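Trainee: I've got the model loaded and a few "how do you know" questions for you.
Mentor: Go ahead, let's have a look together.

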Amino acid sequence: MKQIPAPFWTLILGIAVTLISLWVGQNHNLLPVQASEQAPLVDDLFNVMMTIGTALFIVVQGAIVYSLIRFRQPKGDDTDGLPIEGNLPLEAFWTAIPAVIVVGLGLYSVVVFQEMGGFSPGGHHGHGAMVAMAPQQSVIDVAPLLLAQGLDDDTVFGKTQVYGFGASPLVQMNQPDVTVNVTGMQFAWIFRYPDTGITDGELHIPVDKDVQLKIEAQDVIHSFWVPQFRLKQDALPGEPGELRFVATREGTYPVVCAELCGSYHGAMRTQVIVHSPEDYADWVASRVAEATPTTTVAQPIEKATDAEYLAEIAPDLARSPVQIAQTGLVNH
Amino acid sequence: MQGAIDSTPVVTGHEVAAHEEHQDLRVLGLITFLASEFLMFAGFFAVFLVFRGSHVQWPPEETEVELLLPAVNTLILVSSSWVINLGTKAIKKNDLAGMRKWFGITAAMGAIFLAGQVYEYMNLGYGLKTNLFSNCFYLTTGFHGAHVFIGLLLILGVLWRSRRANHYTDITHTGPEMAEIYWHFVDVVWIVLFSLIYLLTLI
Amino acid sequence: MAQADVSIKPTELQGGHGHPDKWKWYDYFTFNVDHKVIGIQYLVTSFLFYLVGGFMAVLMRTELATPNSDFLSPELYNAFLTNHGTIMIFLWIVPAAIGGFGNYLIPLMIGARDMAFPKLNAIAFWLNPPAGAVLAASFFLGGGAQSGWTSYPPLSEITANLPQTLWCVALIMVGTSSILGSVNFLVTIWKMRVPSMAWDQMPLFCWAMVATSVLALFATPVLAAAMVLLLFDINFGTSFFKPDAGGNVVVYQHLFWFYSHPAVYLMILPIFGIMSEVIPVHARKPIFGYKAIAYSSLTICLVGLFVWVHHMFTSGTAPWMRIFFTISTLIVAVPTGIKIFSWVATLWGGKIRYTTAMLFAVGLLSMFVFGGLSGVTLGAAPFDIHVHDTYYVVGHFHYVLYGGSVFGIYSGIYHWFPKITGRMLNETLGKVHFVLTFIGTILTFTPMHNLGMQGMPRRVAMYDPQFAHLNQLVTVGAYILAVSVIPFYFNVIWSWMKGKEAGPNPWNAMTMEWTTDSPPIIENWEVLPVLTHGPYAYGMERADEVGPAGEPLPTSRP
């Protein structure tokens with residue numbers, strides 16, 4: 001310490017901490033693959049937080065460990081430490097720095113949120129999409145909702161509110177390429193394609209297309225989550241939800257129910273299959289062909305549905321309403 | 001600052017300590033408690049307002065509210081707040097008979113209010129389960145009614161205790177004071193409740 | 001306003017039987033109005049419930065050692081996860097931190113003979129054991145509530161109705177207890193300080209309890225309202241939260257979280273208070289930034305009332321809400337940061353004693369930095385959307401509640417056990433306890449963050465086999481935590497009977513509770529003490545040797 005002045009060490013430490021934090025922020029490998037346009041936005045935000053967090057973590061933990069070693073009680077010394085009661089500039093400093101950081105993070109979050117389409121669920125003004133939203137087979141009586149829209153347009157709590165993520169600002173004016181009605185029920189997801197009449201236990205979507213999921217729940221609250229898309233929206237009985245996204249990577253990803261929905265909540269999992277455009281067209285064609293007139297034959301050819309998965313791990317559920325409901329819907 | 005050496009007069013010995021401990025904090029405690037209690041009602045009111053905002057027809061057609069009787073009831077309850085105040089004013093002047101008279105009248109008014117509430121319940125033609133509005137209606141008025149009932153018991157308790165000679169005097173009157181504060185609380189809650197559940201239906 | 005019929009006369013506390021020197025063992029099982037008895041009652045019962053909740057956690061972790069549901073039935077698993085949360089929050093941390101330390105210490109710290117309303121205090125305590133009994137009963141009458149400690153309708157309205165009703169009743173009971181306790185704390189701290197103690201001479205624990213009490217007072221009644229509505233929906237045919245009859249499931253979430261987010265601060269603010277007491281004593285330094293710490297508690301209390309929607313970012317919340325509550329949530333990091341930095345600065349330049357109390361306090365500091373940072377990430381809505389309702393959240397809140405609150409309670413026990421019992425805890429066992437707890441905590445709760453980000457939702461009895469390895473690591477950590485309580489409970493029981501005599505002030509601390517005997521006499525002091533120095537005047541000129549005006553030392557007894 002005699003030869004080298006303290007500011008020099010501070011500088012070196014500062015640079016080291018910065019470099020380590022920057023490296024950790026980019027190479028933590030904590031998040032799964034990115035498979036939607038929103039995913040990189042979320043991950044960039046997380047990486048920034050991870051970088052700042054790592055720096056703060058190292059600095060504070062370092063200060064703690066340093067104090068514990070440097071300022072431990074000397075043997076046989078029963079006296080007290082220095083009577084320092086505070087230091088206004090220092091306190092102002094460590095109030096201001098976090099304040100600046102959180103304001104920055106807040107603003108950044110708003111930007112990310114907006115780019116993700118967080119400000120436009122249910123169309124531009126929060127309704128309008130609602131009319132289209134009302135699914136034919138909905139368990140919810142939509143008549144009052146439509147009435148509400150006509151008479152009481154501006155109520156904050158109006159049922160015209162749709163929750164979730166809508167179109168990103170770039171495609172705001174466009175209609176989605178594919179729309180899927182998603183219904184959560186104990187303990188399965190049902191995906192219905194209103195354009196083609198397909199019903200399935202797995203979600204099939206084309207890559208690089210604008211997909212809109214209209215999410216509702218039949219019995220209790222569920223939550224639709226695809227970790228690789230970084231998107232989640234609760235399926236609320238009586239409250240319409242929406243997720244609109246573009247899948248950017250072909251593959252099969254899990255669809256997970258994230259809200260406790262009963263005994264077999266943990267087994268309420270299925271898959272989303274992101275097809276190439278050709279594969280998707282093939283899939284649609286095969287499903288439509290299958291569903292044509294000879295309805296009696298129509299047994300679902302889902303490979304590993306929740307129900308089967310459930311039957312495997314929990315045989316007593318095999319006769320649960322899930323399967324009955326699911327089969328019923330498919331045969332419809 | 002915290003390090004300073006304080007040189008305020010020494011407080012030791014039971015004489016001084018006893019004086020300090022005779023401070024009556026119950027009124028303060030009651031007010032604190034009622035602030036908290038009010039927030040429970042605020043919760044109910046918030047729920048009511050959310051439902052009101054999200055339903056086109058509120059209250060729905062078959063569950064309209066009566067207005068005349070509750071308005072009379074409101075007048076009775078609001079004026080009883082003024083009456084009970086006369087009671088505590090009386091005891092502060094050491095006028096025990098006056099206090100008993102005014103508290104008695106307040107109790108009677110409270111009882112009339114409750115009776116009116118029960119009468120209203122019986123003649124509305126719908127019950128707790130009829131629809132969402134009736135859920136809210138019976139729950140909030142019912143909870144308020146329970147509070148009126150407790151207030152009534154407090155007043156009757158004060159009257160009961162006041163039989164003992166010198167129990168309440170111009171210097172010892174925390175009991176009546178607390179009963180009065182509680183009664184005002186019940187009154188304020190009712191005014192909010194009446195405005196929300198009854199008067200708002202006029203708009 | 002002197003009124004003879006209402007005062008707490010010294011003799012009233014003993015039921016008019018004069019001055020017994022100390023309470024007999026059976027007094028601790030009765031409706032006793034002495035704040036110290038009540039404090040001990042709270043602590044002992046909460047430490048018993050801690051074992052119950054911990055046992056449930058161990059069973060759940062055993063189930064999760066394998067991906068399939070093969071150890072507990074899924075219903076029982078859900079009942080355990082519901083009651084683990086409920087017990088740990090409402091019957092362990094809240095009663096231990098607020099009821100236990102608050103009741104025991106507040107009058108001693110401010111120089112009062114008891115709380116403002118001793119009887120109310122006893123009533124508040126005695127609402128707790130029945131609440132626990134009701135929860136226990138719910139297991140035998142229908143298998144326990146199974147819809148999580150959040151009990152969101154409609155699930156809570158269609159699953160296990162009787163246990164769910166009992167659960168609501170239990171929560172209303174502990175909620176009432178909490179409100180009554182808060183009234184008592186506020187009035188006591190406000191009005192019953194020794195006349196020589198100004199607001200800014202109070203120990204910081206008292207400030208923390210002011211903030212805690214205000215928060216409990218404003219938030220708890222809203223929970224009571226939610227519970228009442230849920231109760232009516234389940235049992236009396238109303239439809240507040242039934243969407244098919246016009247009700248709204250999101251309204252419940254707002255009511256619930258309006259209480260339950262502040263509840264998080266109820267569990268941590270008193271712990272912050274304990275930190276501010278323990279660190280200066282064992283670092284032998286005045287607390288750094290007294291006013292900053294005191295005011296930051298109040299700031300957390302105030303801001304904490306307006307952040308609840310961050311628990312609902314994926315629920316039915318409008319975009320403006322998600323944004324507003326992102327910002328308000330992030331702001332909480334500022335006052336919390338002030339506290340952390342102030343404690344680190346208190347360590348800096350001290351002469352740190354490596355006592356177990358101090359180890360737990362520093363351990364807490366270390367844990368809380370991590371938990372606080374992950375909390376900030378959760379506050380930002382876009383990222384929270386991804387990890388909401390996953391193990392990331394579970395990891396985060398266990399870091400702040402276990403690494404924070406539980407470490408703080410441990411630290412407080414090691415620090416004040418000598419005062420409460422008159423005997424020292426064994427330091428060697430204490431250090432074994434600390435090491436096991438520290439390792440167990442990191443091992444249990446760190447991998448949970450990875451699991452959550454990778455895609456494992458919370459509250460599941462069965463999970464994707466790809467997560468098995470990390471889950472097994474967590475389970476091992478949980479077992480270590482389970483083992484870690486053994487040296488602690490043994491230490492407490494053994495030391496209570498046979499430990500080394502502590503004397504009035506074994507740590508040479510400067511707050512007022514150390515000026516009386518250990519354990520303090522009934523009514524705390526023969527002669528009320530006089531404040532002669534601040535609570536943290538370490539390293540300053542010791543003016544406290546003789547009271548002013550030649551009065552006897554506060555500790556001396558005639």
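**Strand pairing in chain A**

Mentor: Keep in mind that this is a predicted model. In it, strand S11 (residues 269–275) of chain A pairs with S5(A) in the parallel sense, over 4 bridges.

Trainee: What makes S5(A) and S11(A) count as a pair?
Mentor: Pairing takes at least two bridges. S5(A) and S11(A) have 4 bridges, so the pair qualifies. One of the links joins Pro206(A) to its bridge partner His275(A) in S11(A).

Trainee: Which order do the strands of the open sheet take?
Mentor: S5-S11-S10-S7-S8 in chain A, 5 strands with mixed pairing.

Trainee: Why are S5 and S8 of chain A said to stand at the edges?
Mentor: Strand S5 (203–206) and strand S8 (231–235) of chain A each have a single partner strand, so one side of each has no neighbour in the sheet. Neighbouring strands here are turned by 25 degrees against each other on average, direction ignored.

Trainee: Which helix lies across S5 and S11 of chain A?
Mentor: Helix H6 (residues 277–291) of chain A, running at about 135 degrees to S5(A).

Trainee: How do you know that chain A touches chain C?
Mentor: Contact means C-beta atoms within 7 Å. By that cut-off, 79 residues of chain A are in contact with 82 residues of chain C. H2(A) gives the most to chain A's side, with 14 residues.

Trainee: What is the make-up of the side of chain A that touches chain C?
Mentor: The residues there divide into 48 nonpolar, 19 polar and 12 charged.

Definitions and conventions. Residues numbered from 1 in each chain as written. Chains lettered and ligands numbered in written order. Predicted model: local features only at pLDDT ≥ 70, side-chain atom pairs only at ≥ 80, totals over all residues. Helix = DSSP H or I, 4+ residues; strand = E, 2+ residues; numbered from the N terminus. Axes fitted to C-alpha atoms, helices over the stretch in contact; angles between N-to-C directions. Contact = placed C-beta atoms within 7 Å. Nonpolar A, V, L, I, M, F, W, Y, C, P; charged D, E, K, R; others polar.
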